[in-house]
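Subject: Structure handover

Hello,

Here is the structure for your files. My notes follow below it.

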There are 4 protein chains.
Amino acid sequence: MYTLEDIAAHANPKDCWILIKGTVYDVTKFLPQHPGGAEVILSYAGADATGAYESFHPSSLLETPPPGFKSLGPLSPSDLPISRNLELEVKRPPKPPLHTIINTFDFETIAERTVAPKTWAFYSSAATDLLSMKLNKEAFDQVLFRPRVMRNVKSVYTRTKILGFDTGVPFFIAPTAMQGMINLDGEKAVAEGAGEENVIHIISTNSSHPIADVVSSGKGPEQQTHFLQLYVNTDRPKTSQLLADAKACGLRAVFVTVDAHISGKREADERLKVDIPVKSAVSGAISHNDRKGGGMGRLMGLYIDRTLNWEDIPWIKSVAGGLPIVLKGIQTAADAKLAVEYGVQGIVLSNHGGRNLDTSPPALFTLLEIHKIYPEVFNALEVYIDGGIRRGTDIFKALCLGATAVGIGRPYLYALNYGAEGVAHLTQILKDELETTMRMCGVTDLSGVHPGLVNTRKIDALVEDGIEHSYVKWRPRSKI
Amino acid sequence: MYTLEDIAAHANPKDCWILIKGTVYDVTKFLPQHPGGAEVILSYAGADATGAYESFHPSSLLETPPPGFKSLGPLSPSDLPISRNLELEVKRPPKPPLHTIINTFDFETIAERTVAPKTWAFYSSAATDLLSMKLNKEAFDQVLFRPRVMRNVKSVYTRTKILGFDTGVPFFIAPTAMQGMINLDGEKAVAEGAGEENVIHIISTNSSHPIADVVSSGKGPEQQTHFLQLYVNTDRPKTSQLLADAKACGLRAVFVTVDAHISGKREADERLKVDIPVKSAVSGAISHNDRKGGGMGRLMGLYIDRTLNWEDIPWIKSVAGGLPIVLKGIQTAADAKLAVEYGVQGIVLSNHGGRNLDTSPPALFTLLEIHKIYPEVFNALEVYIDGGIRRGTDIFKALCLGATAVGIGRPYLYALNYGAEGVAHLTQILKDELETTMRMCGVTDLSGVHPGLVNTRKIDALVEDGIEHSYVKWRPRSKI
Amino acid sequence: MYTLEDIAAHANPKDCWILIKGTVYDVTKFLPQHPGGAEVILSYAGADATGAYESFHPSSLLETPPPGFKSLGPLSPSDLPISRNLELEVKRPPKPPLHTIINTFDFETIAERTVAPKTWAFYSSAATDLLSMKLNKEAFDQVLFRPRVMRNVKSVYTRTKILGFDTGVPFFIAPTAMQGMINLDGEKAVAEGAGEENVIHIISTNSSHPIADVVSSGKGPEQQTHFLQLYVNTDRPKTSQLLADAKACGLRAVFVTVDAHISGKREADERLKVDIPVKSAVSGAISHNDRKGGGMGRLMGLYIDRTLNWEDIPWIKSVAGGLPIVLKGIQTAADAKLAVEYGVQGIVLSNHGGRNLDTSPPALFTLLEIHKIYPEVFNALEVYIDGGIRRGTDIFKALCLGATAVGIGRPYLYALNYGAEGVAHLTQILKDELETTMRMCGVTDLSGVHPGLVNTRKIDALVEDGIEHSYVKWRPRSKI
Amino acid sequence: MYTLEDIAAHANPKDCWILIKGTVYDVTKFLPQHPGGAEVILSYAGADATGAYESFHPSSLLETPPPGFKSLGPLSPSDLPISRNLELEVKRPPKPPLHTIINTFDFETIAERTVAPKTWAFYSSAATDLLSMKLNKEAFDQVLFRPRVMRNVKSVYTRTKILGFDTGVPFFIAPTAMQGMINLDGEKAVAEGAGEENVIHIISTNSSHPIADVVSSGKGPEQQTHFLQLYVNTDRPKTSQLLADAKACGLRAVFVTVDAHISGKREADERLKVDIPVKSAVSGAISHNDRKGGGMGRLMGLYIDRTLNWEDIPWIKSVAGGLPIVLKGIQTAADAKLAVEYGVQGIVLSNHGGRNLDTSPPALFTLLEIHKIYPEVFNALEVYIDGGIRRGTDIFKALCLGATAVGIGRPYLYALNYGAEGVAHLTQILKDELETTMRMCGVTDLSGVHPGLVNTRKIDALVEDGIEHSYVKWRPRSKI
């Protein structure tokens with residue numbers, strides 16, 4: 001039996017012991033073989049790695065440790081550490097049964113109370129004063145319906161197509177990073193839940209799990225559609241390889257994020273330390289606290305290529321192997337027009353859930369701005385929107401105003417707190433709300449939506465109708 | 001003397017005992033005769049049915065039990081259950097004296113504190129985020145008066161006509177379901193109170209009491225006007241029969257609800273279990289919890305025909321026996337126009353008190369929309385509005401803007417907490433407030449109202465002025 | 001020495017004892033001589049009348065009791081009642097020193113904490129949901145300044161003329177009823193404080209004190225200007241007499257209230273009982289609780305002639321003895337125009353402090369409405385406004401927009417809590433704030449105000465620009 | 001050893017003892033030599049002057065007391081007073097470490113909790129109801145971005161020029177009075193911190209420290225740019241001298257405050273007593289409570305010349321020795337135009353942080369007003385704005401709308417709570433936020449800003465578009 005002091009004496013690359021779930025391992029020889037890189041293990045050299053280990057590996061893995069992963073024996077009971085993570089788990093209240101959850105806000109409230117503080121901070125935070133995050137929701141609340149009555153609405157259908165792929169519902173699971181933080185199965189559980197209800201899942205470049213594992217957790221690439229969200233790496237060959245892998249795994253489209261060359265200032269996230277470094281199994285990005293604090297979004301985004309610009313589109317196409325390209329993060333009609341000119345297949349109007357630039361416009365404003373300035377965009381590609389969509393009514397409003405489909409982000413993270421079952425349950429809730437809205441508006445299938453069913457008067461006056469500011473003229477500043 | 005265990009041993013259709021107010025009954029032979037159906041009783045087989053019993057029967061009924069309803073003797077005192085309902089009653093604070101109530105909000109506050117939680121949830125709840133419910137009230141608050149002074153206002157008169165029938169006031173008691181939940185006399189007490197003050201009462205298809213009983217509780221069909229609210233049954237002959245019965249009982253008009261083919265998602269109502277199944281004496285609808293929760297509105301509405309559409313209007317007329325037809329739940333100028341074209345006598349602009357589709361428009365918006373788009377509608381039929389009307393000032397504003405009369409819903413439910421006297425008291429309060437408003441605006445009888453007495457500027461810009469959206473064009477989605 | 005039981009045995013008009021400050025009096029013979037009427041005393045027959053007595057009489061009066069007011073001797077000490085009023089006095093916190101009060105809100109906060117609950121309810125209450133009261137203040141807050149800088153503002157002057165009479169400031173003390181409720185000296189203290197600072201005082205028809213006493217408490221009719229507020233009595237000769245008396249006392253103008261043919265529904269006031277009947281020394285109105293509650297405004301207004309209309313203006317002129325006539329309570333441009341046509345000298349745009357009809361327009365809206373519709377009104381008579389004016393900035397805004405002067409109501413009531421000194425202190429505060437505003441805007445005397453100094457954009461769109469509603473047409477209802 | 005009574009016996013100009021940090025001094029002969037004037041010392045005659053002493057002198061000064069400052073010996077330990085100031089210090093919570101502060105609001109929150117109440121009141125207070133202060137912030141929050149994506153934003157640069165002088169950032173440290181109140185080093189620490197990050201510092205006429213000391217605390221006049229804020233003294237030669245001194249010290253421009261001929265009514269400041277008189281080392285202004293209360297702003301501003309007007313501009317130029325002149329406090333397009341006509345080099349659009357006239361316009365409104373009415377102003381001089389700028393996003397919005405640079409006031413005061421290091425840290429935070437905003441909007445250097453990057457729709461309608469009010473006409477009042 002070993003003591004904590006014994007272990008601490010072996011804390012360098014040449015002699016590295018770690019503690020996992022009360023057992024001491026000598027991992028010196030395993031270091032060069034670790035798929036996540038040696039440095040991740042070394043940050044726990046001579047210490048307890050249980051929490052970090054469990055975040056990234058199935059619990060069964062240590063039953064037959066890999067070569068070079070040598071079990072030395074148990075820790076002395078009197079020295080047995082209670083892992084910090086475990087403590088948190090103990091203090092957190094139990095989750096109410098899934099069937100008592102009836103809307104997205106229930107999932108959110110429960111997540112706030114039951115997940116680890118750092119996870120909550122990473123998922124829930126938004127840029128600086130949270131104004132855009134609030135506007136996202138308010139914009140939908142301010143659109144009223146003009147419901148048509150006395151229609152036969154006995155049967156209603158929510159199925160549609162996204163980029164030509166069938167989907168049971170006109171919404172998709174927006175890409176979010178590091179889903180393993182709220183549930184060890186992370187993206188795999190999402191894929192499983194999404195498959196049950198036929199909703200398309202967009203896998204993040206910062207996925208906790210490898211793409212192949214995610215895809216195989218659902219119904220498989222033939223029976224279920226997945227897309228890839230892409231952050232372009234400063235090391236471009238890595239991106240080429242990622243796209244090749246994704247295509248090989250059966251992913252059907254690439255959503256290139258264009259609004260996150262740099263991470264937003266998410267203060268709640270910055271203030272909380274990253275206590276356990278986490279690493280993406282896809283991008284390889286690792287989070288460690290730095291002098292600016294613990295902002296996960298910032299730390300995970302350091303590899304993203306800040307030079308990415310319109311002229312890179314042909315290169316992206318060339319390495320995407322023919323997959324449709326969608327630009328995620330368009331915020332002006334002008335850029336929507338450019339997207340058309342550069343020949344992509346779709347755009348996601350998004351302010352990144354209010355996480356990147358505070359007072360950036362709600363996607364609904366951008367949607368209306370395109371109608372005012374370049375309505376022809378809608379004929380040239382598919383337009384999706386995300387941010388602040390929490391109800392079936394919100395989804396229906398977006399469709400009436402020309403969106404092909406909408407993305408749902410944070411709510412699926414909070415649903416993942418309940419695993420695959422939570423993901424499926426959330427999908428059912430939203431589908432149910434959407435069907436109710438359709439019936440109430442006299443619409444039986446999605447070909448029936450149209451702008452006459454909504455009243456956007458309250459926000460119309462807030463939307464620009466030209467590329468330039470209406471009366472403030474541009475007096476160029478001199479270059480210095 | 002019996003024990004609870006004794007009773008529990010007789011819990012099937014062939015051998016069914018129940019407990020009511022401490023006495024054990026063998027009701028096996030009564031089951032097929034129960035007007036509400038055997039299943040209602042069977043849900044209490046072998047158990048205490050006191051609460052459910054009292055919700056639907058006069059307390060005198062058991063003095064001479066019906067045939068097949070056999071008294072076996074008392075429960076053992078040591079086993080005497082304290083019914084859950086009784087407990088609630090005990091815990092609830094006493095109601096303040098009626099004369100201390102001076103406005104609708106007092107009735108509401110007292111109801112919240114004193115009625116059973118499920119009843120409060122059913123009556124007070126509204127769709128999802130309650131936005132429409134709040135908008136309903138706010139819309140009225142945002143209309144200002146333009147009061148004319150220096151008029152002789154010594155005497156003022158509030159009497160008018162609705163569909164040609166005399167009424168003491170320009171408002172009616174909007175139809176609401178299951179009034180027996182707040183007061184055992186339910187609709188009967190409403191009829192009695194309405195008769196005292198000459199206000200028209202619209203009886204719901206989901207009335208707790210039979211129409212004949214309701215009508216006879218007031219001044220009788222010759223002295224007092226009642227209308228019928230109609231939900232069309234998927235079993236159409238039942239609707240034909242209901243209309244025939246209603247006409248025979250002396251009801252004078254039919255208000256067909258057109259905005260509730262499906263029930264709204266009223267989350268407060270869904271979350272609370274239906275602990276005592278209740279049943280409408282008119283529609284026969286019964287509420288039981290199902291897998292989606294305890295939403296009374298949803299459960300009571302399962303029989304409603306979701307295929308009902310404009311082409312059914314001639315059939316409705318044919319079975320209504322010449323009674324005037326009013327469509328309740330119109331929410332757009334376009335549908336108001338259709339109502340004219342289909343030849344009905346009136347429309348109720350309503351979003352169902354915000355209970356059906358959240359962010360559906362306040363009726364006041366729809367009223368103004370009709371003025372902007374199809375003002376000729378006002379010449380073709382009578383227009384009523386409901387939702388959020390809580391003050392005499394609100395009533396007066398609606399009349400100035402062209403409404404023939406307005407409906408008052410929830411406030412009368414809350415007034416019914418005080419029985420017929422409460423209903424009469426609320427009517428006096430509203431009439432009093434209306435008279436004060438008339439005097440303050442220099443108007444002595446209702447022929448004096450006109451739009452120049454109100455300023456609707458704050459909401460004008462929010463009302464659409466065309467059938468279609470002003471700048472978002474309709475790009476049809478393909479059918480899938 | 002007497003006991004409370006002894007006194008209670010003498011409780012009828014033929015044998016009437018009362019208790020005042022611990023001394024028992026036999027007032028049987030005094031009853032017919034009481035200037036306030038026998039019934040006021042009889043309501044305390046056999047009981048303690050201390051509180052009521054002190055509300056209406058100088059404390060020195062009983063040193064030499066009037067004839068027929070017979071002192072019988074002291075109450076038994078063991079029986080000495082602690083008068084309810086006294087108790088309240090004891091529980092109320094002490095008032096902070098006057099010099100620590102630096103704005104109108106301080107006076108209001110202190111009044112709320114220190115005056116009798118019924119007095120607070122009567123003064124502070126407003127109609128039903130208090131919307132107009134709040135709008136009054138908000139309307140001023142939403143007007144912005146456009147301050148001009150770099151002007152010589154070393155010396156500034158606030159003096160001006162109202163109806164041709166000199167005043168030190170462009171605001172007057174608006175008429176408010178029963179000022180004796182907050183301070184026994186009531187209107188007399190107001191007159192004294194007003195005289196010190198040369199501000200004009202409008203005496204209410206429901207003044208606690210006789211007009212002559214009020215006038216003589218200041219600098220006298222030659223040195224100080226008072227106006228009369230008039231409620232026309234259903235007993236018209238009483239009004240003629242009142243006007244004759246007022247003129248004889250030296251009052252200089254008559255402000256006829258035209259928006260209070262009936263009292264508003266002030267719920268806070270209705271809910272609190274009138275525990276001590278109070279009586280106006282001018283109108284003779286007395287308040288007693290009735291079946292509708294204790295609303296002082298309503299109870300004091302029962303004598304007001306509800307038939308009063310434009311055709312009565314010539315009669316008013318005829319009995320006003322040549323005094324200028326001002327109509328108080330105009331709320332539309334249309335009525336402002338009529339006021340011009342009927343030849344009065346001024347109008348007060350007012351919604352009665354939000355006390356009469358809820359959602360009636362803030363006076364600032366009416367002021368702007370007149371500019372939009374009948375700007376010529378400003379050339380034909382003087383226009384004053386009141387309601388929600390709490391700051392020197394508010395006063396300045398009103399003047400910039402064409403008001404000759406503004407009325408300050410409740411703040412003076414709350415200042416009166418400190419007697420004449422409080423009245424003078426409030427005047428100094430407002431004058432000081434006004435001077436600061438003038439300097440900040442680059443204006444040195446009131447001839448320098450103009451609309452270019454304010455920005456009313458936030459409320460402009462809310463003001464009607466025609467007599468009729470802009471798009472809702474009048475479809476006359478038939479007379480019934 | 002002395003007792004407190006001993007000291008108290010020497011409390012007049014002829015015999016003056018004071019106590020400083022437990023030592024008794026006879027300062028009678030020192031009185032006439034005190035640079036701050038004898039009266040400041042005399043206000044502590046016979047008493048403990050420790051707090052006041054420490055507010056204005058380096059702690060080392062008493063190691064070698066000046067001539068006439070005679071140490072008598074220690075106070076009796078049993079009598080040792082705990083200075084009030086020290087007590088406050090003890091009660092105040094400790095400041096969190098500087099590196100945990102991540103935005104301006106953190107600095108503000110910490111200042112509120114940790115600085116002396118009077119200091120907080122003086123710095124944080126604003127005019128009367130604080131409406132303008134709130135509007136200042138809200139105006140920025142209501143401007144949305146129109147971010148352009150897919151630009152190469154790897155490198156971004158924030159450097160620019162103000163009045164031709166290089167600066168690392170497009171914001172400057174706005175002048176604020178008496179910075180020594182929050183940190184004994186006051187302006188000197190600001191200069192030091194500003195030098196580190198190359199941000200221009202504007203020194204107030206009411207600086208706690210002499211200009212020469214301030215300048216020498218930074219990198220010196222050749223390496224670092226300082227400007228002077230000027231209040232013109234009623235004693236004009238003092239102003240001439242001040243300008244000559246400032247120029248000699250190397251100050252590069254003069255910002256003449258034109259909106260503070262009189263101080264605003266800052267009620268939080270008025271209510272708190274000035275417990276320790278403070279004196280500006282530049283203007284010589286001293287604060288003492290007067291009958292109106294303890295308003296520091298008011299007390300420090302008594303020397304300011306209220307006659308200052310446009311015709312004084314030539315004189316200011318004549319005594320400014322060729323330094324550029326900027327007018328600070330312009331609030332209308334009309335005055336901006338006059339500034340151009342009078343030939344100054346710049347204007348600061350400002351409502352003095354909402355401290356002077358409540359409901360005066362946010363500078364952002366004035367900026368837009370100039371665009372609407374006199375856009376040519378932008379070609380004739382430099383336009384700066386201040387008030388409510390708390391984020392890098394706010395700075396960027398102002399630049400897009402034509403501001404050359406912006407002023408940051410209170411945040412630097414609160415940062416000074418941490419000395420020079422706090423000042424540098426705040427600058428880094430704002431620069432960082434600005435860089436993030438630039439990247440998010442696709443802008444790499446400040447020549448790239450333009451109005452098309454912002455959406456000001458929410459406030460456009462609130463901005464006047466003419467010198468006069470749009471529909472209220474000016475009816476001149478007669479002069480009295």
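In this predicted model, helix H17 (residues 392-400) of chain B packs against helix H19 (residues 419-441) of chain B at an angle of about 60 degrees. An angle of 65 to 115 degrees would count as roughly perpendicular and one under 35 degrees as roughly parallel, so H17(B) and H19(B) are oblique to each other. Their axes lie 7 Å apart, and the crossing of H17(B) past H19(B) is right-handed.

From H17(B), the residues in this contact are Gly392(B), Thr393(B), Ile395(B) and Phe396(B). On the H19(B) side they meet Leu430(B), Glu433(B), Leu434(B), Thr436(B), Thr437(B) and Met438(B). By class, five of the contact residues are nonpolar, four are polar and one is charged.

Next, the contacts between chains.

Chain A and chain B: 44 residues of chain A touch 43 residues of chain B. Several elements of chain A each supply at least two residues to its side of this contact, among them strand E6 (144-145), strand E7 (160-162), helix H15 (363-373) and helix H20 (457-460). H19(A) gives the most, with five residues. The side of chain A that touches chain B comprises 17 nonpolar, 13 polar and 14 charged residues.

Chain C and chain D: 43 residues come from chain D and 44 residues from chain C. On the chain D side, helix H11 (267-271), strand E13 (325-330) and helix H14 (333-341) each supply at least two residues. That side of chain D has 17 nonpolar, 13 polar and 13 charged residues.

Regards

Terms used:
Residues are numbered from 1 along each chain as its sequence is written. Chains are lettered from A and ligands numbered from 1 in the order in which they are written. This is a predicted model: local features need pLDDT of at least 70, side-chain atom pairs count only at pLDDT 80 or more; totals for chains, interfaces and linings use all residues. Two residues are in contact if their C-beta atoms, placed from the backbone, lie within 7 Å. Helices (H or I, at least four residues) and strands (E, at least two) are DSSP runs, numbered from the N terminus. Ala, Val, Leu, Ile, Met, Phe, Trp, Tyr, Cys and Pro count as nonpolar, Asp, Glu, Lys and Arg as charged, and the others, Gly among them, as polar. Axes are lines fitted to C-alpha atoms, for helices over the stretch in contact, and angles run from 0 to 180 degrees between N-to-C directions. Angles under 35 degrees count as roughly parallel, over 145 as roughly antiparallel, 65 to 115 as roughly perpendicular and the rest as oblique. A crossing is left-handed if the near helix is turned anticlockwise from the far one by less than a right angle, and right-handed if clockwise.
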